[in-house]
Amino acid sequence: MTLFSAILVAAAGCIGVALGDCECGYSISGDDAGYQVFTDLLESDFLHTNYLDSPAADTGWARQTFNMTKELARGTYGEAFVAANAISNEIKDDNVWTGDGRNGGAGGLQLVVSSEVVDDSVQTAEVATMGTDYFYGTFRAGIKVTDVVGTCSAFFWYFNDTQEIDMEFLSAEFNTDNSSFPVNLVLQTPQSRRSGYDASKTGTFDKVNLPFNPTDDFHEYRFDFLADKVLFYADGALLTSMSGSAVPTSSGNILLSHWSNGNSGWSQGPPTEDAVTTLSYVKAYYNSTKVGRERDYTKRCTDPAGEGAVCAIPENDATFFFMYQKNMTGNQTTFQGDDSAAGSNSWSPLVLVAALACSAWALGL
């Protein structure tokens, strides 16, 4: 047996020693959701990092490119989701959390709906997580919605057309004269499919007026996907909840899109000028269904009741990321690509140093 092999064998006996905070997850609490703990996280800081011009396998995010005919899109026009309409516009100063990006305009990830119609389709934008292992969790996004009339901006979780959680903003519905700024909250279900995907004809649709203008600045939009209900929030304030059989039962992925198809009953448009909705971050604290991640959680969480084992998620704090704190995201925040790669055969520097120290003691070195 080599020395390194001996170290790894010895490390197996003491790797249960806490290597940092949060090894048992991240929690929310309150009257609405109760106390919930989620095992994993994905935090994406679009203000300071370009997630789109690197391989998706490295970042977990990818631009979506596909076409929908007007019949499939259920609109006057088709929709063409093009890569060029998802633009990274990060801020150069790491200490700045608002302001113009390097290309001008609000810093962050820009999702553009073009005013020009090409081949009878509106040019639109969408980004999605590559992983589809996002199950119960709390999902949050910093969004500045376009003020250009005729588009739909959406933040959603998706498994299929009958298991979907949506927060949708229709810019044509905004009215500054009477301070009407609604957000449409939707669970797509088999019942909504039978209604032509019109969830307003079911019990899984709610239109709630926001107490602020969503086009003026970034605000945090959030939904908590729990075993028995889905809760929707804006800037930490509960908007509505939905429960029962409409709550999804599978894992899915996270998407953000900005589109228009001329449907007079929904997006309206197309816009008469290019419309830009901007994202500053996405934060997902969730239970992963990846076998590797579940295995890793079992290994690292040796004492859920231990001090610092579970970390409370700060509420409505655009500047806080666990990934920027020391020793609070041990193999929980990096996108790992396929299911088999979730930390099963790799040693992070932190883990290796701790293993070496622990093994040296065990071996009497």
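Phe-181 is buried in this predicted model, at a relative accessible area of 6% (buried means under 20% relative accessible area, exposed over 50%, partly exposed in between, with a 1.4 Å probe and protein chains only). Numbering starts from 1 along each chain as its sequence is written. Since this is a predicted model, local features need pLDDT of at least 70 and side-chain atom pairs count only at pLDDT 80 or more, while totals for chains, interfaces and linings use all residues; side-chain values use heavy atoms, with hydrogens and water left out.

**Around Phe-181**

- You'll find Phe-181 in the loop between strand 13 (163–170) and strand 14 (182–188); helices (H or I, at least four residues) and strands (E, at least two) are DSSP runs, numbered from the N terminus.
- Not counting residues up to four places away in sequence, Phe-181 touches Phe-174, Asn-175, Thr-176, Val-208, Asn-209, Leu-210, Phe-212, Asn-213 and Pro-214 (contact means heavy atoms within 4.5 Å).
- Ser-179 is partly exposed, at a relative accessible area of 44%.

**The whole chain**

- The protein runs to 365 residues, and 50% of them count as buried.
- Its secondary structure comes to six helices and 21 strands.
- Take the contacts between residues at least 6 apart in sequence: 69% of them join residues at least 24 apart.

**Nonpolar cores**

- The largest nonpolar core has 45 residues, and Phe-139, Phe-155, Phe-232 and Leu-256 have the most contacts inside it; such a core is a set of buried Ala, Val, Leu, Ile, Met, Phe, Trp, Tyr and Cys residues joined through side-chain atoms within 4.5 Å.
- Strand 11 (residues 134–144) supplies the largest share of this core, five residues.
- Apart from that core lies another, of 14 residues, including Tyr-26, Leu-41, Leu-226 and Met-328.
- Leaving aside neighbours within four places in sequence, Phe-139 has contacts that include Phe-155, Trp-157, Tyr-221, Phe-223, Phe-225, Ile-254 and Tyr-286.
- Charged residues are on the contact list of Phe-139 too, among them Arg-222, Asp-224 and Lys-283.

**Cavities**

- The count comes to three cavities of 30 Å³ or more. On a 1 Å grid over the protein atoms alone, a cavity is a set of points where a 1.4 Å probe fits but cannot get out, and lining residues have an atom within 4 Å of a point.
- The second largest cavity has a volume of about 50 Å³, where volume is the space filled by probe spheres set on the points, and grid points are joined across faces, edges and corners.
- Arg-140, Glu-220, Lys-283, Tyr-285, Ile-313, Pro-314, Asp-317 and Phe-320 line the second largest cavity.
- By class, that lining has four nonpolar, no polar and four charged residues (Ala, Val, Leu, Ile, Met, Phe, Trp, Tyr, Cys and Pro count as nonpolar, Asp, Glu, Lys and Arg as charged, and the others, Gly among them, as polar).

**Other buried residues**

- His-48 is in the loop between strand 3 (40–45) and helix 2 (56–59), and counts as buried with a relative accessible area of 14%.
- The side chain of His-48 reaches the backbone oxygen of Val-96 at 2.6 Å.
- Beyond four places in sequence, His-48 touches Glu-90, Ile-91, Asp-93, Asp-94, Val-96 and Trp-97.
- Ala-62 belongs to strand 4 (residues 61–63) and is buried at 14% relative accessibility.
- Ala-62 and Val-127 are 65 residues apart along the chain, yet their C-alpha atoms are separated by 5.6 Å.
- Thr-278 is part of strand 20 (residues 275–288) and is buried at 4% relative accessibility.
- With neighbours within four places left aside, the contacts of Thr-278 include Ala-106, Gly-107, Gly-108, Leu-109, Gly-142 and Phe-218.

- The peptide bond from Gly-269 to Pro-270 is cis, with omega near 0°.
- Pro-270 lies in the loop between strand 19 (253–259) and strand 20, and that loop is also the place of Gln-268.
- Gln-268 has a positive phi, near 60°, in a residue other than glycine, and is partly exposed at 35% relative accessibility.

Definitions and conventions. 1 Å grid on protein atoms, 1.4 Å probe; cavity = no way out; pocket = protein on both sides within 12 Å on 5 of 7 lines; lining within 4 Å. Polar contact = N/O pair within 3.5 Å; in protein donor to acceptor, adjacent residues only side chain to side chain.
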